[in-house]
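Dear colleague,

I am passing on the structure below, together with some notes on what turned up when I went through it. Please read the notes with the coordinates open beside them.

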Amino acid sequence: CISKLFPPEVADLEPVLHALYSQDRGDHKTWETRYTLLLWLGMLVLIPFDIYTIDSSAVATAGALEPASDHESKSLVGSIITLCESYLHDTGPTREAAAICLVSLLTRPDMESSHLNRFMEWARVLICAPPAESASKLFVMTGVLTTLASIFKHGHREKLTAFTSVLLPPVLTLAGSPDNSTLMRKFLVKLCQRIGLTFLPPRAFRWQYQRGQRSLLQNLGVADTAATGDEANVAPDDDDDDDDADVPPELEDVLDQLLNGLRDRDTVVRW
């Protein structure tokens with residue numbers, strides 16, 4: 001609700017990021033400030049042009065000879081990703097705000113080629129790690145699953161298909177653990193469902209709107225013909241519903257996970 005009231009000025013992007021870095025994360029009484037700044041940052045990263053054009057660090061290091069990895073870690077985008085990944089360890093609402101900010105940034109068309117790959121690899125390694133009993137591991141795992149579920153919802157399918165076969169096996173293995181919390185089971189089911197939708201091929205329906213040249217005289221001629229009864233009204237062809245598309249074998253595992261979720265003891269997971 002409050003995100004609609006944030007100023008969308010491009011000049012506010014770096015000051016908001018610096019304000020987040022200056023926060024005392026040990027002061028739990030001021031979590032609302034960090035929560036609001038993360039939501040604001042998640043809106044500011046949606047600027048409709050190349051985000052590197054407003055990166056002051058890119059101008060400062062333009063003439064310096066630095067390794068590519070060091071420059072990317074010090075860049076504006078790298079700083080935002082590093083900061084949000086650290087907030088995924090939090091126990092409160094700031095974790096959800098960090099996930100929103102990461103999704104807004106990583107689903108940009110100019111971010112999906114490089115930074116999305118690195119985040120997906122970081123998330124895969126974390127999911128594949130042996131289970132830990134510490135509370136911090138459970139919180140960061142919940143934050144990662146929240147982010148991944150939103151990425152597979154808002155991201156572009158052609159960019160996400162490269163990660164489906166890599167992420168699905170460890171996600172299914174994690175879903176089979178009996179010690180998962182209710183929130184983790186909810187996001188595991190949500191993530192499996194959206195990965196399954198990514199496996200399905202896109203379909204173009206014949207009845208969808210198509211742009212092109214239109215002739216008013218031709219339309220009037222068709223209407224006159226239909227009015228005189230020379231041409232019967234024919235229902236749209238639904239042959240597309242019976243196409244013989246190849247079903248990926250991974251969908252069986254996805255459906256099995258969804259059916260298991262229907263018998264979960266918690267309503268949020270079944271829903």
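A contact here means heavy atoms within 4.5 Å. On that basis, residues 24 or more positions apart account for 73% of the contacts in the chain with a separation of 6 or more.

Please bear in mind that this is a predicted model, in which local features need pLDDT of at least 70 and side-chain atom pairs count only at pLDDT 80 or more, while totals for chains, interfaces and linings use all residues. Residues are numbered from 1 along each chain as its sequence is written, and side-chain values use heavy atoms, with hydrogens and water left out.

The overall picture

The chain has 13 helices and 0 strands, where helices (H or I, at least four residues) and strands (E, at least two) are DSSP runs numbered from the N terminus. Of the 271 residues in the chain, 36% are buried; buried means under 20% relative accessible area, exposed means over 50%, and partly exposed lies in between (1.4 Å probe, protein chains only).

Helix H9 and its two partners

Two packed helices are described by the angle between their axes and the distance between the axes. The axes are lines fitted to C-alpha atoms, for helices over the stretch in contact, and the angles run from 0 to 180 degrees between N-to-C directions.

The axes of helix H7 (residues 115-128) and helix H9 (residues 157-175) come within 9 Å and cross at roughly 15°. That angle makes H7 roughly parallel to H9, given that angles under 35 degrees count as roughly parallel, over 145 as roughly antiparallel, 65 to 115 as roughly perpendicular and the rest as oblique. The crossing of H7 with H9 is left-handed, a term used if the near helix is turned anticlockwise from the far one by less than a right angle, with right-handed used if clockwise. On the H7 side the contact is made by Leu116, Asn117, Met120, Arg124, Ile127 and Cys128, and on the H9 side by Leu160, Phe163, Val166, Leu167, Pro170, Val171 and Leu174. The residues of this contact of H7 with H9 divide into 11 nonpolar, 1 polar and 1 charged, where Ala, Val, Leu, Ile, Met, Phe, Trp, Tyr, Cys and Pro count as nonpolar, Asp, Glu, Lys and Arg as charged, and the others, Gly among them, as polar.

H9 also packs with helix H10 (residues 182-199), at an angle of about 140° and with the axes 9 Å apart, and H9 and H10 are therefore oblique to each other. The crossing of H9 and H10 is left-handed. Among the H9 residues that take part are Leu160, Leu167, Val171 and Leu174, and they belong to a set that meets H10 residues including Met184, Leu188, Leu191 and Phe199. The contact of H9 with H10 comprises 13 nonpolar, 4 polar and 1 charged residues.

Aromatic pairs

A pair of aromatic rings is described by the distance of the centres and the angle of the planes. Rings of Phe, Tyr and Trp (its six-membered ring) pair if their centres lie within 6.5 Å, and planes under 30 degrees apart count as stacked, over 60 as edge-to-face and the rest as tilted. A search of the whole structure finds 3 aromatic pairs. One of them, Trp31 with Tyr35, is edge-to-face, at 6.0 Å centre to centre and 65° between the planes. Both residues lie in helix H2 (residues 31-44), 4 residues apart, about one turn of the helix; Trp31 is partly exposed at 33% relative accessibility, and Tyr35 is partly exposed at 25%. Phe119 and Trp122 form a tilted pair, with 5.6 Å between centres and 40° between the planes. Because Phe119 and Trp122 are 3 residues apart in helix H7, about one helical turn separates them. Phe119 is buried at 1% relative accessibility, whereas Trp122 is partly exposed at 28%.

Individual residues

Thr142, in helix H8 (residues 135-154), is buried at 5% relative accessibility. Not counting residues up to four places away in sequence, Thr142 touches Arg95, Leu183 and Met184.

Ser104, in helix H6 (residues 93-106), is buried at 14%, and leaving aside neighbours within four places in sequence, Ser104 is in contact with Gly42, Val45 and Leu46.
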